[in-house]
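Colleague: Could you walk me through this one, feature by feature? I'd like the general idea each time, then the case at hand.

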Amino acid sequence: PGQPEAQAPAYIEIANLEIKDGFSTSQFRAANGAWLNYSGFAACIYARSVQHLVVRNNILHDCGQGFYNWTGDGSSPAWWSALQVGTIISGNYFYNNGNPGSYLEHQVYTESDGVTIEYNRFGSQRAGAKGSQIKDRSAGTVVRYNSIEQSRQGWDIDLVEPEEAWASLGQSPRFKQSFVYGNVIVSRSVKYPNIVHW
């Protein structure tokens, strides 16, 4: 009792929800009954080392981040060090996420052994936010058939090296290629647009 489960969570689907207001000006009631403000890093959905996660047909808005997953380095199957595996982000609507003046929060941030980001609509970010629409640090990345409104200052699609799981993901043969196709990126008169970074 009172101890977290050691095994990483697996085979989870989050679907058909509206999740909103995880932002620093919003409050929640903590376990001890106190009212606290969310962190600026708070996400509508925060996943940690999940194996086979599907996030589909949700509306995710007005949070510090829309979707964020943290992964361990894969050194054990325990949730605090397990590798995020098999992430699917499909058919969601993201808008008004991010923090004014910050590059650290995004509409979607993933680091997974295998990720598919498809059929999503990425609307405008919060005014003044500088993060990316999609930031991915995965191996085996597929970004397809999304509608993406131009990021205010970050990238529309930012595909970079792993951070927490370099030893696992960076050595994967799947890390050496990503598949990006069928996406529509809509310009919103951004002076110096950052479209795709790989």
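**Sheets, cores and rings**

Modeller: Let's start with an open sheet of six strands, ordered β5-β8-β11-β14-β17-β20 with parallel pairing. The edge strands here are β5 and β20 (194-197), each pairing on one side only. From one strand to the next, the twist averages 10°. This is a predicted model, where local features need pLDDT of at least 70 and side-chain atom pairs count only at pLDDT 80 or more, while totals for chains, interfaces and linings use all residues. Residues are numbered from 1 along each chain as its sequence is written, and side-chain values use heavy atoms, with hydrogens and water left out.

Colleague: How should I read the strand labels and the pairing?

Modeller: Strands of a sheet pair through backbone hydrogen bonds, either parallel or antiparallel. Strands (E, at least two residues) and helices (H or I, at least four) are DSSP runs numbered from the N terminus. Alanine 43 has glutamine 65 as its bridge partner in β8.

Colleague: Which strands make up the open sheet that starts with β1, and in what order?

Modeller: That open sheet has six strands, in the order β1-β6-β9-β12-β15-β18, with parallel pairing. Its edge strands are β1 (10-15) and β18 (178-181), and each pairs on one side only. The twist averages 5° from one strand to the next. Strands β6 (residues 51-56) and β9 (residues 85-90) pair in the parallel sense over five bridges. Leucine 53 has threonine 87 as its bridge partner in β9, and valine 55 stands opposite isoleucine 89 in β9. Five bridges also join β9 to β12, again running parallel, with serine 90 opposite glutamate 118 in β12.

Colleague: Is glutamine 65 buried or exposed?

Modeller: The idea is a cut-off on relative accessible area: buried is under 20%, exposed is over 50%, and partly exposed is in between (1.4 Å probe, protein chains only). Glutamine 65 is buried, with a relative accessible area of 0%. For contacts, the rule is heavy atoms within 4.5 Å. Leaving aside neighbours within four places in sequence, glutamine 65 is in contact with residues including Phe41, Cys44, Asn97, His106 and Tyr109.

Colleague: And where is glycine 64?

Modeller: Glycine 64 sits in the loop between β7 (59-61) and β8 (65-70). Glycine 64 counts as buried because its relative accessibility is 0%. Beyond the neighbours within four places in sequence, glycine 64 contacts Gly22, Phe23, Gly40, Ala42, Asn97, Gly98, Asn99, Glu105 and His106.

Colleague: What is the largest nonpolar core made of?

Modeller: A nonpolar core is a set of buried Ala, Val, Leu, Ile, Met, Phe, Trp, Tyr and Cys residues joined through side-chain atoms within 4.5 Å. The largest one has 21 residues, and those with the most contacts inside it are Phe67, Phe94, Ile117, Phe122 and Ile134. The elements giving two or more residues to this core are β5 (43-48), β6, β12 (113-118) and β17 (155-159). The largest share, three residues, comes from β5. Apart from this core lies another, of six residues, among them Leu83, Val85, Ala139 and Leu169.

Colleague: How many aromatic pairs turn up in the whole structure?

Modeller: Rings of Phe, Tyr and Trp (its six-membered ring) pair if their centres lie within 6.5 Å; planes under 30 degrees apart are stacked, over 60 edge-to-face, and the rest tilted. A search of the whole structure finds 10 pairs. Phenylalanine 94 and phenylalanine 122 form a stacked pair, 5.0 Å centre to centre with 5° between the planes. Phenylalanine 94 lies in strand β10 (residues 93-95) and phenylalanine 122 in strand β13 (residues 121-122), so the pair ties together parts that are 28 residues apart in sequence. Tryptophan 166 and phenylalanine 175 have ring centres 5.6 Å apart and planes at 90°, so that pair is edge-to-face.

Notes. Pairing = 2+ DSSP bridges. Axes fitted to C-alpha atoms, helices over the stretch in contact; angles between N-to-C directions.
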